[in-house]
Amino acid sequence: SHPLSPTHFFTRMTPFACVSLALTSPRADVGSAAALPTSFLSDAAFSRAQAAHRNIGRLRGFAPAAFTRSPPEVAFSDDISLVSDLGVDLARGREAYLSLFEAVAALNTSPLLDVAGLRAGELQCDYSIGPDAVSVRWSAPLTPASTGISAALPAAALSGISTYTLAADGRLCRHELSNLRLNGRRLPSSTLAEWLRLYRRSSPASPAEAFA
């Protein structure tokens, strides 16, 4: 064949040239690969982001059952505080914080409420997650017992916003309650604080009395 013909050219290519041509030829799937980020987190920021991701996941798993079971201890910092919308500490320190919610769960599942109280059901939660805090807008049904003195009480709904601040290590270090409402009516923080104190002492008093 003629020295400049295509047939002559390809039959005379060396094996190395053939491999080089194959490697440099564009592939259909290269353009579909995800681009690498142009910047990366520092080791400390990456570690915090990982921890925050895990702890927010734990919070999301716990929040709907906040009135019936204990919080995940590992998700909270040693100095976690529960704060009212007036800035008053209702509990400070992980032990006090966990104990309060454990008392709430114990009372809410107690047979005492079948006779003299309103039982809180599962919370409906809407989450808003930022770089340093998680806001949870929640609402829980309050159902009267079918028998006893509370049977005549109407069903109610307790709602509010819980804002959790993330610490430098990715754990939850502050829990602020705000916009608390009973059937849409705003509740004063003093009422909430007294109700929580009753729960913490595992008092048999009815939650309905605290809201009266």
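Leaving aside neighbours within four places in sequence, which residues is Ser-81 in contact with? They are Asp-89, Ala-91, Arg-92, Cys-173, Arg-174 and His-175, where contact means heavy atoms within 4.5 Å. This is a predicted model, in which local features need pLDDT of at least 70 and side-chain atom pairs count only at pLDDT 80 or more, while totals for chains, interfaces and linings use all residues. Residues are numbered from 1 along each chain as its sequence is written, and side-chain values use heavy atoms, with hydrogens and water left out.

**The whole chain**

- The secondary structure of the protein chain comes to seven helices and eight strands; helices (H or I, at least four residues) and strands (E, at least two) are DSSP runs, numbered from the N terminus.
- Of the 212 residues in the protein chain, 36% count as buried. Buried means under 20% relative accessible area, exposed over 50%, and partly exposed in between (1.4 Å probe, protein chains only).
- The protein chain has an accessible surface of about 12500 Å², and 59% of it belongs to carbon and sulfur atoms. Such areas come from the Shrake-Rupley method with a 1.4 Å probe, and for residues only the protein chains shown count as cover.
- Among contacts in the protein chain with a separation of 6 or more, 55% come from residues 24 or more positions apart.

**Strands and hairpins**

- Strand S1 (residues 76–83) and strand S2 (residues 89–92) run antiparallel and are joined by three bridges; two strands pair if DSSP finds at least two bridges between them.
- Leu-82 stands opposite Ala-91 in S2.
- The hairpin of S1 and S2 has five residues between the strands, and Gly-87 takes a positive phi near 85° there.
- Strand S4 (residues 124–129) pairs with S5 in the antiparallel sense over six bridges, and the two form a hairpin with three residues between them.
- Gln-124 has Ser-139 in S5 as its bridge partner.

- Helix H4 (residues 94–108) has 15 residues and reaches 21 Å from its first C-alpha to its last, close to the 21 Å expected at 1.5 Å a residue. The expected span is 1.5 Å times one less than the number of residues.
- Among the buried residues of H4 are Tyr-97, Leu-98, Phe-101, Val-104 and Asn-108.
- An α-helix has 3.6 residues a turn, so residues three or four places apart point the same way.
- Ala-66 has its place in the loop between H3 and S1, and it counts as buried because its relative accessibility is 9%.
- The C-alpha atoms of Ala-66 and Val-104 are separated by 8.6 Å, although these residues are 38 residues apart along the chain.
- Leaving aside neighbours within four places in sequence, Ala-66 is in contact with Phe-101 and Leu-123.

**The nonpolar core**

- The largest nonpolar core has 34 residues, and those with the most contacts inside it are Phe-76, Leu-82, Tyr-97 and Tyr-164. The elements that give two or more residues to this core include helix H3 (43–62), H4, strand S5 (133–144), strand S6 (156–166) and strand S7 (172–182).
- A nonpolar core is a set of buried Ala, Val, Leu, Ile, Met, Phe, Trp, Tyr and Cys residues joined through side-chain atoms within 4.5 Å.
- Leaving aside neighbours within four places in sequence, Phe-76 is in contact with residues including Pro-71, Tyr-97, Leu-98, Tyr-164 and Leu-172.

**Salt bridges**

- The structure holds six salt bridges; each is a side-chain nitrogen of Lys or Arg within 4 Å of a carboxyl oxygen of Asp or Glu.
- Arg-48 forms one of them with Asp-132, the closest N and O atoms being 3.1 Å apart. This pair links distant parts of the chain, with Arg-48 in helix H3 and Asp-132 in the loop between S4 and S5, 84 residues apart.
- In the salt bridge of Asp-78 with Arg-94, the closest N and O atoms are 2.8 Å apart. Asp-78 lies in strand S1 and Arg-94 in helix H4, so the pair ties together parts that are 16 residues apart in sequence.
- Asp-85 and Arg-186 form a salt bridge whose closest N and O atoms are 3.4 Å apart. Asp-85 lies in the loop between S1 and S2 and Arg-186 in strand S8 (residues 185–186), so this pair ties together parts 101 residues apart in sequence.
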